[in-house]
Amino acid sequence: VQLQASGGGLVQAGGSLRLSCAASGRTFSRYVMGWFRQAPGKEREFVTAISWSGATYYADSVKGRFTISRDNAKNTVYLQMNSLKPEDTAVYYCAASRDLSRLAREYEYWGQGTQVTVSS
């Protein structure tokens, strides 16, 4: 599975962005898709994940503000980010796993990352 993330950019606090992650391969629907982020000087952290059936899981820091969704027909997963805060600034990565997990090491495939910058 190859993943291509896009949609990052610069936004003011309180604004919104929508990230996309396009996947290659016919088995996309079998994978759990996750989003992680990494800020400068910090470890990569779990943001959200969605199972093949649509079950979703969120980090407490983004719950109520971010929404993950997937379109298996388009082999694409989305991350709608609302009410953005400066602390959301990071490189955002999409990833694919066979198991639902919040652990980065459980994800086999990774996209290249897209920068999200939230100004105060």
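Buried means under 20% relative accessible area, exposed over 50% and partly exposed in between, with a 1.4 Å probe and protein chains only. The model shown in these views is predicted; local features need pLDDT of at least 70 and side-chain atom pairs count only at pLDDT 80 or more, while totals for chains, interfaces and linings use all residues. Residues are numbered from 1 along each chain as its sequence is written, and side-chain values use heavy atoms, with hydrogens and water left out.

View 1. Strands (E, at least two residues) and helices (H or I, at least four) are DSSP runs numbered from the N terminus. Seven of the eight residues of S9 are buried, so this strand is largely enclosed by the rest of the structure. Two strands pair if DSSP finds at least two bridges between them. S4 and S9 run antiparallel and are joined by seven bridges, with Gly34 opposite Ala95 of S9. S11 pairs with S9 in the antiparallel sense over three bridges, and here Ala90 faces Val116 of S11. Strand S10 (residues 109-110) is antiparallel to S9 over two bridges; Trp110 of S10 stands opposite Ala95.

**View 2. The largest nonpolar core.** A nonpolar core is a set of buried Ala, Val, Leu, Ile, Met, Phe, Trp, Tyr and Cys residues joined through side-chain atoms within 4.5 Å. The largest one has 35 residues, and Met33, Trp35, Phe66, Met81 and Tyr92 have the most contacts inside it. Strands that each supply at least two residues of this core include S1 (3-6), S5 (45-50), S7 (66-71) and S8 (76-81). S9 gives the largest share of this core, five residues.

View 3. The structure holds one disulfide, defined as a pair of cysteine sulfur atoms within 2.5 Å. Cys21 is joined to Cys94, with an S to S distance of 2.1 Å. Cys21 lies in strand S3 and Cys94 in strand S9, 73 residues apart, so the pair links distant parts of the chain. The torsion about the S-S bond of Cys21 and Cys94 is about 60 degrees, which makes the disulfide right-handed. Both Cys21 and Cys94 are buried.

View 4. Thr117 is in strand S11 and counts as partly exposed at 28% relative accessibility. Not counting residues up to four places away in sequence, Thr117 has contacts (heavy atoms within 4.5 Å) with Gly9, Leu10, Val11 and Thr89. Lys85 is 32 residues from Thr117 in sequence and 9.2 Å away, C-alpha to C-alpha.
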